[in-house]
Amino acid sequence: MTSVAKFLLLFLLVVTFDHNPNSSANREFKFKNIASPSKDDAATHAKLTLIDGDLDGGSAELAAVTDGRLPRDEDEPGSNVYFRAGSSGGRFRMDFGSVIPIAQVNSYSWHPNARGPQLYKLYAADGSEPKFNPDPKRGVDPASCGWKLIALVSTISDSGEDGGQYAASVTDVGKYRFLLFDIYVTELYDNWGNTFYSEIDVIRK
């Protein structure tokens, strides 16, 4: 198995990226530097809410990113969550019900072409800010309404290689009740730039 890992210190957090090219992609999502997806983590029991954007008609329900079930094939739309073709992505919120200590947020994706790489901003909040808005639409900066920008996650390759499995891990996130995922397209050459997100794990400290 070949693998590429990059390390970036951003907002005092370490973001780790890993990639299995098409030739070494596997059903277990085994990577060199990031653990395989968990079947039972904090995200498994969280409430998910779509804040902005529309899921594609072929996409799985939003809950598929936290159910612990993984696609068995490189191009399996119904086992992944992705936004409508031709759209610029969207936002969704994860609510744990109370403040929890978060050690890692891990995201996984798989597609043979441009829907493989990941590009999103991760925000977090404990909900205690007086001006807290749990549902900031696109066009509203979450940082202006009680959210903290945790990291910019981008697994887009400098070499132009798109396909395969991708994993991203944001570590030492902090103590929060809510996470906000602001998802973007990874390319604008056609309508097929919305990533196939297979799983998102949130690991408690």
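**The core and its surroundings**

Modeller: In the largest nonpolar core there are 35 residues, and Met94, Leu179 and Phe181 have the most contacts inside it. A nonpolar core is a set of buried Ala, Val, Leu, Ile, Met, Phe, Trp, Tyr and Cys residues joined through side-chain atoms within 4.5 Å. Buried means under 20% relative accessible area, exposed over 50%, partly exposed in between (1.4 Å probe, protein chains only). This is a predicted model: local features need pLDDT of at least 70, side-chain atom pairs count only at pLDDT 80 or more, and totals for chains, interfaces and linings use all residues. Residues are numbered from 1 along each chain as its sequence is written, and side-chain values use heavy atoms, leaving out hydrogens and water.

Colleague: Which element gives the largest share of this core?

Modeller: E7 does, with seven residues. Strands are DSSP runs of E, at least two residues, and helices are runs of H or I, at least four; both are numbered from the N terminus.

Colleague: What does methionine 94 touch?

Modeller: Its partners include Ala43, Leu48, Thr66, Arg177, Leu179, Phe181 and Val202, leaving aside residues up to four places away in sequence. Contact here means heavy atoms within 4.5 Å.

Colleague: And what does the second, separate core include?

Modeller: That core has eight residues, among them Ile51, Ala125, Cys145 and Trp147.

Colleague: New topic. How many aromatic pairs are in the whole structure?

Modeller: Ten. Rings of Phe, Tyr and Trp (its six-membered ring) pair if their centres lie within 6.5 Å; planes under 30 degrees apart count as stacked, over 60 as edge-to-face and the rest as tilted.

Colleague: Why is the pair of tyrosine 120 and phenylalanine 181 tilted?

Modeller: Their planes are at 55 degrees, so the pair counts as tilted, with ring centres 5.8 Å apart. The pair links distant parts of the chain, 61 residues apart: tyrosine 120 is in strand E5 (residues 119-125) and phenylalanine 181 in strand E7 (residues 164-184).

Colleague: Are those two buried or exposed?

Modeller: Both tyrosine 120 and phenylalanine 181 are buried.

Colleague: Which residues form one aromatic cluster?

Modeller: Phe29, Phe31, Tyr108 and Trp110.

Colleague: What about the whole fold: how many helices and strands?

Modeller: Zero helices and eight strands. Buried residues make up 52% of the 205 residues.

Colleague: Last one. Where is leucine 149?

Modeller: Leucine 149 is in strand E6 (residues 148-154). Its relative accessibility is 25%, so leucine 149 counts as partly exposed.
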